Amino acid sequence: MRPACGQPALPSRATWQHGGVTSAPHAPLFPHDPGPDQFAPAPRDADAVLAGLDPEQREVATALGGPVCVLAGAGTGKTRAITHRIAYGVHAGVLKASSVLAVTFTNRAAAEMRGRLRQLGVQGTQARTFHSAALRQLQYFWPRAVGGGLPRILDRKLSLIAEAAAACGLRPDRTELRDLAGEIEWSKVTQIVPADYAAAAAAAARQAPRAPAEISQVYAAYEDVKRDRSVIDFEDVLLLTVAILQDQPDIARLVRDQYRHFVVDEYQDVSPLQQRLLDLWLGERDSICVVGDAGQTIYSFTGATPDHLLGFSRRHPGATVVKLVRDYRSTPQVVHLANGVLAQAKGRPAQQRLELVSQRDQGPEPAYRAYPDEPAEAEGTARRIRELIDAGTPASEIAVLFRTNSQSETYEQALADAGVPYQLRGAERFFDRPEVRAAGSALRAAAHFGGNDTLLSGVTGIPAQVRAVLTSTGWSAAPPSGSGATREKWESLAALARLADSFAHARPDATLTDFMAELDERAAVQHAPTVEGVTLASLHAAKGLEWDAVFLVAVADGMMPISHARTQDQIEEERRLLYVGVTRARIHLTISWALARTPGGRATRRPSPFLDGLRTKTSGDTASAAAAGGVRAGAARSAESRPRRRTPARCRVCGKPLTDAGAMKLMRCEDCPSDMDEGVYTRLHDWRSAQARRMGQPPYCVLTDKTLVAIAEAVPDEEGGLARVPGVGVRKARRFGADILAICAGEERPGDDG
C-alpha cells in the first residue's frame with residue numbers, strides 16, 4: 001500500500017540498505033542556463049558521462065582510486081562533478097552502484113543527488129543524509145545488537161528539556177529552552193558528556209545561555225528523562241549507530257561489505273561525531289571522495305568543523321586533490337565581490353581560499369543602499385523587488401536574506417504592502433498544504449481507477465491527465481489576478497502541473513501511477529517543486545540555494561558581524577556567512593543597511609566592516625537623503641558620513657519615543673488611549689474583506705490591521721492626507737482612495753456584488 005500524498009513513505013521491510021529514489025529539482029547542467037527541460041536522457045556509456053564536463057570536473061570524475069579531496073567553490077558544479085564520478089565508475093565497471101554510499105546534510109541535497117544519478121542511468125546507489133543512513137542501519141541492526149524494537153525517536157525535545165530543567169529547580173522560558181537545546185545538541189555531536197560540558201564550553205568560547213554548571217545539570221537530567229521514557233533524540237541516532245559499529249565487529253563487517261565506496265558532500269560541515277561514524281563505515285579502506293569549501297563553513301555553532309577537510313591530505317597522504325573554481329552561477333561582478341570578501345579572511349579556513357573565476361557574461365554591478373531607518377530599508381527593498389517583477393524577473397527568482405529570523409516580519413509587512421507574493425523558508429511545508437493534499441488524493445483516486453475514471457476518459461499523457469484532475473478540484477490554467485491566498489493556492493497546483501511536464505519528458509512510458517510514486521517519494525523528503533513567490537530566509541537557511549536577484553539586508557556593523565561574535569574565529573565565520581550570501585546571487589545583488597533603527601533615531605550605524613574597500617562610487621552606493629525615494633549613485637560623500645537628522649518618532653498621546661514598528665504606524669503607544677472611529681473601522685474592515693476576495697489576495701495585502709486602525713484614527717478627508725497615513729502611501733492612496741475617503745465621510749461602499 002502506498003502512503004497518502006504528503007505522508008512519509010513507509011520504510012522497506014526487506015533490506016536496510018535500499019530506499020526510495022527521488023528525482024532532481026530544477027537543476028540544469030549549467031545553473032545559469034535554465035534550458036527547456038528538467039531531465040536529460042541518460043548517457044549511453046562511460047565516455048558519454050564525461051561529455052560536457054570542464055577539465056577539473058573531468059579530473060574528479062575519472063579519479064576513481066584511493067582518497068580524493070575536491071575543493072569546490074560556490075557555483076562550480078560540485079554536485080555535477082561527484083555524481084558524474086559515481087556514474088562514470090558504474091558505467092566503466094569500476095564501481096558497483098549498490099556499493100556506493102553518498103552522504104550529505106539536507107534531504108534536498110540528497111534528493112538532488114539521487115535525481116542526478118537517475119538522469120545518468122545509475123540505479124541502486126544510496127544518497128542520504130548522515131542521519132538517514134545511520135537510522136536505516138540502526139533500525140535494521142537494533143534487534144540483533146540490543147534486542148526488541150528501536151526506541152521511539154523524539155520529534156521535539158523542548159518539553160523534555162523543560163521537565164529536566166524543572167527537576168533541577170529551573171524555570172526557563174521558551175527562548176532559553178531553545179538555547180539549552182542548542183547547547184545539548186552541540187555537546188552530543190562533539191561527543192561531550194554532561195560532566196565535561198563546562199570545561200568544553202569554556203575551551204570553545206561558547207556563550208552559554210546560563211551558568212555552565214546549570215547547563216551541565218540540565219543536560220544530565222535530560223538524558224535521565226529520555227532513559228525513563230524509553231525515547232531517543234536525533235543526535236542519539238548517530239551516537240547509537242557509532243556504538244553498535246564500534247562494539248560489534250560482526251555488524252560493522254556487514255556494513256563494510258555492503259558499502260565499499262563513500263562520497264561525502266559539504267565536508268566542511270562534518271561534526272566530530274559524523275566523522276567518527278564515517279571512520280567506522282570506512283574501516284581500514286581509503287575509497288573515499290570528500291567535497292567541500294572551507295570558505296563556506298558557517299555552522300560551527302552546531303559543532304561542525306572544517307578541520308576534517310583542512311587536514312584530509314595529512315590523514316590521507318597521496319590523496320588526489322582537485323580544485324573547482326570555474327563559477328557557472330554568478331556574473332563576474334558578483335564573483336569579484338565574493339572574492340573580495342574572502343580576500344580579507346584570516347585563520348585556518350583562509351589557507352584554502354578559492355579564487356573563483358566567473359564563466360558567465362557581464363552583469364550589473366552590485367548595488368549598495370543606505371537607508372535612514374529599518375522601515376525605510378524594508379520599504380525600499382520591497383519597492384525595488386516590485387520593479388524587478390514588473391520588468392520580468394519571476395518572484396521565485398528573488399530572495400531577501402537576513403542575519404536572524406527575527407528580521408523577517410518587517411520584510412513580510414513591506415512586501416505585503418507592495419502587493420508582492422512571498423514565501424518564508426522554513427514555514428509551512430509544500431506537501432502539507434491543504435490544496436496539495438487534496439490534489440494528491442484526487443490524483444491517487446484517478447490513478448487507481450485508471451481508464452474507468454470519467455475524468456480521464458479520452459485523456460492521454462501524464463501532463464494532460466494531471467491537468468484534468470487538477471481542473472476538477474477548481475484549478476484553471478490561467479492564473480487568478482492578485483498575489484494573495486488564492487494566487488498561492490493556484491501556484492501550488494501549477495507547480496504540480498509543471499512537475500508532470502518534466503516527469504513525462506523524462507519517462508515517456510510512465511503512467512499516472514508512476515507519477516504518484518514520484519510525488520510520494522518527494523513528499524517523504526519534503527522535496528517540493530518550485531512555487532512562485534519571493535523567498536525570505538536567513539543566511540544560514542539560504543545555503544545551497546540560488547536566485548537571479550538577491551537582497552542582502554541589514555548588512556551593518558553589529559549585525560554583520562553580529563554583536564555577540566567576539567573571538568577572531570567567530571568574526572571570521574560571520575565573514576564567511578556574508579560570502580555565502582553574496583554567492584547566492586546569479587545576476588542582481590543589492591546590499592543594504594539602515595543608519596538608524598527607527599524613524600528619527602540617531603544615525604549612528606555603519607555598514608559592515610567586511611565591506612571596507614569593496615564599495616566603489618560606480619557600484620550603486622546610495623545617499624541616505626535619497627534612500628526613501630530614489631538612488632544617487634556615486635554621491636560625493638557617502639550616506640553614512642552625512643545622515644539627514646529627523647525628529648524622533650514620539651507618541652502623540654503621551655510623548656514617549658516610539659521604537660516598535662506597529663506603534664510607529666499608529667503614532668502612539670499600543671497601550672495609550674485610541675481615538676479611533678469605531679464605525680469607520682468596521683466599514684473599512686468589511687470593505688477590505690470584500691476587496692481582498694475580488695483581488696484574490698489575503699486581506700493584509702490590501703491593508704494591514706494596523707493601517708486600518710491608523711486610518712480610522714486619522715479619518716482623512718483628502719487623498720494627500722490618506723497617503724500620509726503610515727502603511728498607505730501614494731500608490732495605495734491612488735488605488736483605493738475613492739473608496740476609503742468615502743467610508744471616512746460616512747458613505748457605504750459596495751461589497752462583493754458591487
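Is Asp390 buried or exposed? In this predicted model, Asp390 has a relative accessibility of 58% and counts as exposed, because the cut-off for that class is over 50%. The side chain of Asp390 meets that of Arg386 in a salt bridge, with N and O 3.3 Å apart. Both residues belong to helix 16 (residues 374-390), where they are four residues apart, about one turn of the helix. Arg386, at 24% relative accessibility, is partly exposed.

This pair is one of 35 salt bridges in the structure. Another joins Arg348 to Asp307, whose closest N and O atoms are 3.1 Å apart. Here the link is between distant parts of the chain, 41 residues apart: Asp307 sits in helix 13 (residues 307-310), and Arg348 in the loop between helix 15 (332-343) and strand 10 (357-358). Arg348 is partly exposed at 36% relative accessible area, and Asp307 is likewise partly exposed at 38%.

A further salt bridge connects Glu574 and Arg403, with the closest N and O atoms at 2.8 Å. It too links distant parts of the chain, since Glu574 lies in helix 22 (residues 568-582) and Arg403 in the loop between strand 12 (398-402) and helix 17 (408-417), 171 residues apart. Both partners are buried: Glu574 has a relative accessible area of 5%, and Arg403 has 12% relative accessibility. Salt bridges also form a network, which links Lys188, Glu223, Lys226, Asp233 and Asp236.

Arg403 leads on to Ser538, which touches Arg403 along with Phe402 and Asn405, leaving aside residues up to four places away in sequence. Ser538 is part of strand 14 (residues 534-538). With a relative accessible area of 9%, Ser538 is buried, because the limit for that class is under 20%. The side chain of Ser538 also reaches the backbone nitrogen of Ala541 at 3.1 Å.

Helix 5 (residues 130-145) is a separate topic. This helix bends by about 35 degrees at Gln139, and Pro143 follows within four residues. Its buried residues include Phe130, Leu138, Phe141 and Trp142, and also Arg136 and Gln137. Among the elements that cover the buried residues of helix 5 are strand 2 (100-104), strand 3 (126-129) and strand 6 (261-264), together with helix 10 (234-247), helix 11 (249-258) and helix 12 (272-282). After helix 5 comes Gly147, with a positive phi near 105 degrees.

Definitions and conventions. Residues are numbered from 1 along each chain as its sequence is written. This is a predicted model: local features need pLDDT of at least 70, side-chain atom pairs count only at pLDDT 80 or more; totals for chains, interfaces and linings use all residues. Side-chain values use heavy atoms; hydrogens and water are left out. The bend at a residue is the angle between axes fitted to the seven residues ending there and the seven starting there. Helices (H or I, at least four residues) and strands (E, at least two) are DSSP runs, numbered from the N terminus. Buried means under 20% relative accessible area, exposed over 50%, partly exposed in between (1.4 Å probe, protein chains only). Contact means heavy atoms within 4.5 Å. A polar contact is a pair of N or O atoms within 3.5 Å; within protein, one must be able to donate a hydrogen and the other to accept it, and residues adjacent in sequence count only if both atoms are side-chain atoms. A salt bridge is a side-chain nitrogen of Lys or Arg within 4 Å of a carboxyl oxygen of Asp or Glu.
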